[in-house]
Amino acid sequence: MSRERLYHTDAIILRRTDFGEADRLLTVFTPQRGKLRLMAKGVRKTTSRKAGHIELFMLTNMLVACGHTWDVISQAETLQAYRGLREDLEKTSQAYYLAELVDSFTEERDVNAPLFELLAFTLARLSHLADIFLLLRYFELHILSLTGFQPQLHFCLVCNQPLAPTENYFHFGDGGMLCPEHGQARPHAKMIPLPVLKVLRFLQTQPWEKVADLQLNPQTCQHVEALLLSYITFLLEHRLKSVDFIRRLQRESHD
Amino acid sequence: MQLTPAPVTKLIEEFSRLPGIGPKTASRLTFYLLRNPADRAKVLAEALQQLHAKVTFCSQCFNITENNPCAVCSNEHRDPSIICVVEEPLDVIAIERTRDYHGLYHVLHGVIAPVEGIGPEDLRIAELLQRVRASDKVREVIIATNPNLEGEATAMYIARQFQGSKVKTTRLARGLPVGGDLEYADEITLSRALSGRSEIS
């Protein structure tokens, strides 16, 4: 049986680069086919019928033709434009972060439908929520779980005993928590205050509706954010470029 | 044993480094030049040499130019109270073609693209701020970056830098292209086109 020549797919555009005279090469994430690299021909011309439908971070339904090197987008129609995140610089920068995470944690053609759902869900919330801190942490913990890096937050990784409600330790290389006894013995294990551990557990296990109602003090927020970011950076073994931009915006808005 | 002489392979190699040119095109170009009279190659070589020797950036608007300041910046008939900010030198040419704009320009040489690692510090944004602050003539800054996400992010970033100053920042309107088709227009373009509609006089 010969391979299908055309296929329909929903896709979220993660990144794109200009290619040749008027073409663009897109990296998209799809529910049934995972991450794909697709060629969009002629979309840098003002009269292109596709251009407005394949902007970054849009959810688009597309018809794709199988090609030699790259599959080529032949039709595209926006399903969700997530306008809120286009009209706010902070949100745009956070959307870049989400897309960079998905791009870094996935391989081409690795199917991961739940991750697609998570990304679409998060982009939709990002575009209309005012406070996006918890949303981003929720996304980080869940992308870790969905890509096989779910940190163990309930038992000590050495002695397998449930963690006592005290100051426990997190070890990046082991991918989870250690009880005080084993944590102190391990170099590079990070001490985690109890409120931080509780927040992490809550984010990992509870549905978003409950997470959204959490009220946190700024210190815990900072700790959770820093811990997750350094754990992700440790796993990816490279710095996330979009984070530099987010930090810069935060610095400038405080000045 | 080498079948093709070294100068030939060298030129093929150099051609194939250019964007959009593969090894086949590179060798076709090389053999075309080889077959043609030597002065054609000489003219090309001279043009290439002069490219970097004679072209510099204008110290005011950072457009490419032979003379510093460039022809636009030194033209006293241009209106110094308006600066149009564009991404690339080619955008200046596009706007000049309209013959409707008589102000000055500022070329950023790129857009903010966090995932490619291009931040505001890699563009000529600081120079723009300094230029506007140093002059008491500038009343309006038109941000004419491309109407895509990177362009919008750059526009929002620049507009934010001018917040609280007397300078007005404006953005090019968005709407339907000539020769376009309503049926294929995306919702963002269409709704901008609707909100920016004008009366038929």
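## A first look across the interface

Which residue of chain B does the side chain of Arg15(A) meet in a salt bridge? The partner is Glu116(B), and the gap from N to O is 3.3 Å. Please keep in mind as you explore that this is a predicted model.

## How much is buried

The size of an interface is often given as the accessible area lost when the parts come together. Here, chain A and chain B bury about 2,600 Å² between them. Carbon and sulfur atoms account for 58% of that area. On the chain B side, Pro114(B), Val115(B) and Leu149(B) lose the most area to chain A, and together they make up 27% of what that side buries.

In terms of residues, 29 from chain A are in contact with 25 from chain B.

## The chain B side

Which elements of chain B give two or more residues to the side that touches chain A? They are helix 6 (149-161) and helix 7 (187-195) of chain B. Helix 6 of chain B gives the most, with seven residues.

Sorted by class, the side of chain B that touches chain A has 13 nonpolar residues, along with five polar and seven charged ones.

## Backbone details to look for

Now for some features of the backbone. In chain B, Asn68(B) and Pro69(B) are joined by a cis peptide bond, with omega at about -5°. To find Pro69(B), look in the loop between strand 2 (64-65) and strand 3 (79-86) of chain B.

Phe62(B) is not a glycine, yet it has a positive phi of about 65°. This residue is found in the loop between strand 1 (56-57) and strand 2 of chain B. Is Phe62(B) buried or exposed? Phe62(B) counts as buried because its relative accessible area is 11%, under the 20% cut-off.

Glu237(A) sits in the loop between helix 7 (218-236) and helix 8 (241-254) of chain A. Its relative accessibility is 72%, so Glu237(A) counts as exposed, the cut-off for that being over 50%.

Terms used
Residues numbered from 1 in each chain as written. Chains lettered and ligands numbered in written order. Predicted model: local features only at pLDDT ≥ 70, side-chain atom pairs only at ≥ 80, totals over all residues. Heavy atoms only, no water. Contact = heavy atoms within 4.5 Å. Buried area = accessible area lost by both parts, 1.4 Å probe. Salt bridge = Lys/Arg side-chain N within 4 Å of Asp/Glu carboxyl O. Helix = DSSP H or I, 4+ residues; strand = E, 2+ residues; numbered from the N terminus. Nonpolar A, V, L, I, M, F, W, Y, C, P; charged D, E, K, R; others polar. Buried < 20%, exposed > 50% of the residue type's maximum accessible area, 1.4 Å probe, protein only.
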